[in-house]
Amino acid sequence: MSKTNNKPKNGGFFQRLIDGLLKNDDPELEKKRVMKLIAKELSKTKYKFYKYGTDEVLPAFAKTFFTIYKTVSPGKIYFQSNANQKLYQRMVLNSMMSEKHLELIDQLSEENIIEEAKNVSLNQLKIQVKEKCETLFTFFDANIINRIDTLYSQFMLFKSFCEYDYFFMLKKFDSSLRENDFSVTPQFEAITGRYIVDDLQDFLTIAYNLSEYDDWNDLFAFLKKVKDVEPVSKGTWSRLVNRLLDMQSSRVFEMMIQLIQQNPGYITKPAKTREHITEKYIDSIRQEAEKALSRIQIEQKSSKIDSLVSSIFGTTSISRMKNYTEEQSAVFERRNIGSFSYQQPMNYMKAFLLDYVKKDVRELADLVLVRGKWSTSSLATPMSEAYHQMLELSNKIVEFDETLSDTGAISGKLKTLLTRCDRDKEALNIIRTILKDTNSAARDILVSGTQEIITFARNLKLVLEDYAKPHPELVINWKELEHFADYNIKEQAVAIYKKLHLFVTLMQSLLANKEI
């Protein structure tokens with residue numbers, strides 16, 4: 001179908017008329033003159049739709065729209081079965097893709113990625129997902145994207161054109177007209193222009209977009225592929241579009257509206273119909289895949305953390321912090337102000353230091369560091385300092401937690417600011433700063449504590465290796481220490497080392513990539 005030139009005829013002539021209207025000393029008089037000129041110009045067209053002298057829209061106009069109505073009525077029925085826009089988008093996209101590409105899309109769904117995670121490691125899964133995305137996205141080059149977007153735009157324009165309420169407008173010309181009944185020839189009568197001017201304007205905002213396209217082959221191939229039927233034959237549609245483009249080019253409808261509304265400056269502004277669905281669709285596939293991988297990573301990390309916590313403490317229900325807690329954090333989270341970012345690892349650190357370091361570790365440390373005779377005191381210093389720093393750290397955590405108690409300085413300030421933050425932006429900013437500083441302090445405690453545990457564990461490993469030597473080099477009185485201990489030193493040291501290693505792994509998992 002060749003594209004018809006739809007630029008208004010005599011555009012310069014009408015512009016000069018309007019310019020003259022603005023410059024004339026008597027605008028009303030000039031307006032009447034311009035309206036007569038428009039009426040004269042309308043009378044010269046081959047479309048006898050309107051009589052200016054009596055402000056009547058003539059039966060020929062209704063007959064033209066009845067023909068359009070009859071032509072596209074099967075299309076309206078075609079669309080009645082489903083009005084889901086996302087389904088239409090998916091249908092258009094699928095029609096342009098091969099079975100291979102559709103299979104890749106299915107494999108990149110969140111459900112399938114999560115299922116595949118049961119068979120391969122997360123790292124392997126990430127590589128697989130990346131490769132599949134690259135293969136799929138390579139298909140969507142500029143040409144395919146343009147074809148898909150154009151097809152969907154034409155589809156939605158065709159749908160809007162078919163679904164326009166022709167019956168509502170035509171019944172004004174013949175009150176006996178029955179909807180979707182084309183067995184009887186209507187008896188249309190002339191009516192006053194104001195009764196249909198709004199209907200006509202609504203129609204033009206749709207119909208004038210038809211000039212954007214000169215090839216409808218993809219659309220009709222798609223319509224037939226989807227339901228194996230053409231709601232309107234391609235030939236009939238081509239003739240209808242060509243006639244409408246001719247009407248658009250002659251400006252017959254615009255001149256009618258100008259005359260009916262007594263508005264010589266009226267110009268039809270078509271509704272925007274150009275759609276861009278492909279890039280959004282590609283992004284949605286990528287986002288769904290990333291969401292699935294993120295969900296798997298979070299679940300695996302959570303499972304790993306639960307497993308570590310259970311191995312260390314014998315339970316996952318640990319509650320040691322009194323104020324820097326999940327419950328207190330919720331007060332800020334509900335208002336989207338912030339949170340206590342490290343309440344979980346701080347809880348575990350306090351429990352580990354109080355329940356394990358001050359008991360099992362202390363017992364072994366007292367034996368090795370106090371009763372043990374080291375070949376040189378400097379060799380014991382790193383282990384001894386790390387041990388005392390761990391003991392001191394538990395006191396620091398208690399002090400930190402107390403600053404957030406009801407009588408603590410920070411807690412009091414936060415409560416006062418919370419009463420003002422809804423109306424005071426500065427109070428809101430101060431709260432966020434306090435939370436950031438509090439979380440920073442918590443992280444410092446956790447990082448330094450974890451480092452001291454690592455240092456102690458490394459030195460404990462050296463002590464274990466020394467214990468196994470025929471001629472120890474660090475501690476020279478192992479035989480004497482065995483006499484004092486009421487447990488197997490090696491077994492206890494190995495158990496403690498493993499527990500320390502598990503706890504360090506837990507802390508590293510909780511602190512990795514965590515924002516302050």
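I looked for negative surface charge and found a patch of Glu-99, Glu-103, Asp-106 and Glu-111. Patch members have over 30% relative accessible area and no salt bridge, with like charges joined within 9 Å. Helix α5 (residues 99-107) gives the largest share, three residues. I noted Asp-106 in helix α5; Asp-106 is partly exposed at 48% relative accessible area (buried is under 20%, exposed over 50%, partly exposed in between, 1.4 Å probe, protein chains only). Helices are DSSP runs of H or I, at least four residues, numbered from the N terminus.

This is a predicted model: local features need pLDDT of at least 70, side-chain atom pairs 80 or more, while totals for chains, interfaces and linings use all residues. Residues are numbered from 1 along each chain as its sequence is written, and side-chain values use heavy atoms, without hydrogens and water.

I then turned to salt bridges (Lys or Arg side-chain nitrogen within 4 Å of an Asp or Glu carboxyl oxygen). The structure holds 13. One joins Asp-355 and Arg-320 at 2.5 Å, N to O. This pair links distant parts of the chain, 35 residues apart: Asp-355 sits in helix α16, Arg-320 in the loop between α14 (278-313) and α15. I also logged Glu-163 with Lys-159 at 2.9 Å. Those two are four residues apart in helix α8 (residues 142-163), so about one helical turn separates them. Lys-159 is buried at 13%; Glu-163 is partly exposed at 30%.

Last, I checked Ile-337, in the loop between α15 (326-333) and α16 (343-371). Ile-337 is buried at 7%. Its C-alpha is 7.6 Å from that of Ile-431, 94 residues away in sequence.

Note on methods. Patches are made of residues with over 30% relative accessible area and no salt bridge: like charges are joined within 9 Å, nonpolar side chains (Val, Leu, Ile, Met, Phe, Trp, Tyr) within 5 Å. Accessible areas come from the Shrake-Rupley method with a 1.4 Å probe; for residues, only the protein chains shown count as cover. Lys and Arg count as positive and Asp and Glu as negative; His and the chain ends are not counted. The place of a charge is taken as NZ of Lys, CZ of Arg, CG of Asp or CD of Glu.
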